[in-house]
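Student: Could we go through this structure together, one topic at a time? I would like plain explanations of the terms as they come up.

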Amino acid sequence: MAGTFKKFSKEDVSNLSQVKSSVARGIRAAICETYPYLEETDIIETLIPKKESVYTGKCGHVTLCVINNTVLFFQERDGPWLPTLRVLHQYPEMMKRLRTDKGAIKFVLSGANIMCPGLTHPDALIHDEGEVGAPVAIYAFEKEHAMAVGVLQMSTADIRNINKGIGVENMHHLNDGLWKMPNLS
């Protein structure tokens, strides 16, 4: 589902409702399990305070985690909770990182999935190892901030060895609908 938020606006969000505290705890726990850094550094308390009202909304097959009218995380079907780029830019250490070569940038920013050759090029770098289904931050060659958030479609070892096909499914990128709509108010 490349470019999940290509055309996305407040009107696309349905069933925005406050969740029970037990559901909020479950979301928080799942996020901490996926991103231990947030719990180890107590950042989770800043992002999703225990006493704060947590809302979820639906956008097709995607569930949004909303606090104070701001989308912080999203989940496609039963996949991992993924941070919005705004959250990732605040806490870049929270996710495994991959860096593409220059040639991949325009494609990634138009919502395309990240192909293996864009990650194995001499200018690219697999900073962190990961298995299929792991969430990753996608950085561009010579850029400081992440340009996309995605999910590994093959392990980083296979990306290197097979070096063809889709390496990472692009779930959210700079200037997509979710980026352009920082809050739902």
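Student: Is Lys50 buried or exposed?

Tutor: Lys50 is exposed, with a relative accessible area of 63%, where buried means under 20% relative accessible area, exposed over 50%, and partly exposed in between, using a 1.4 Å probe and protein chains only. Before we go on, please keep in mind that this is a predicted model, in which local features need pLDDT of at least 70 and side-chain atom pairs count only at pLDDT 80 or more, while totals for chains, interfaces and linings use all residues. Residues are numbered from 1 along each chain as its sequence is written, and side-chain values use heavy atoms, with hydrogens and water left out.

Student: Okay, and which residue does Lys50 form a salt bridge with?

Tutor: Its partner is Glu45, and the closest N and O atoms of the pair are 3.6 Å apart; a salt bridge here is a side-chain nitrogen of Lys or Arg within 4 Å of a carboxyl oxygen of Asp or Glu. Glu45 also forms a salt bridge with Arg28, where the closest N and O atoms are 2.6 Å apart. Glu45 lies in helix α3 (residues 43–47) and Arg28 in helix α1, so this pair ties together parts that are 17 residues apart in sequence. Helices (H or I, at least four residues) and strands (E, at least two) are DSSP runs, numbered from the N terminus.

Student: How exposed are Glu45 and Arg28?

Tutor: Glu45 counts as partly exposed at 29% relative accessibility, whereas Arg28, at 11%, counts as buried.

Student: How many salt bridges does a search of the whole structure find?

Tutor: The search finds three. One of them joins the side chains of Glu129 and Arg160, at 2.7 Å from N to O. Glu129 sits in the loop between β8 and β9 and Arg160 in helix α7 (residues 156–162), so the pair ties together parts that are 31 residues apart in sequence. Salt bridges that share partners join Arg28, Glu45 and Lys50 into one network.

Student: Switching to pockets, what is the volume of the largest pocket?

Tutor: The volume is about 210 Å³. On a 1 Å grid over the protein atoms alone, a pocket is an open set of points where a 1.4 Å probe fits, with protein on both sides within 12 Å along at least five of seven lines, and lining residues have an atom within 4 Å of a point. The volume itself is the space filled by probe spheres set on the points, which are joined across faces, edges and corners.

Student: And which residues are closest to its centre?

Tutor: Of the 13 residues that line the largest pocket, the closest to its centre are Ser21, Ala24, Arg25, Arg28 and Lys50. Helix α1 (residues 21–34) gives the largest share of the lining, four residues.

Student: What about the sheet, in what order do its strands come?

Tutor: Six strands form an open sheet in the order β7-β11-β10-β9-β6-β8, with mixed pairing; two strands pair if DSSP finds at least two bridges between them. At the edges stand β7 (114–115) and β8 (125–126), each with a single partner strand, so one side of each is left without a neighbour in the sheet.

Student: How many bridges link β9 and β10?

Tutor: Strand β9 (residues 135–140) and strand β10 (residues 146–152) pair in the antiparallel sense over five bridges, and the bridge partner of Ala137 in β10 is Val149.
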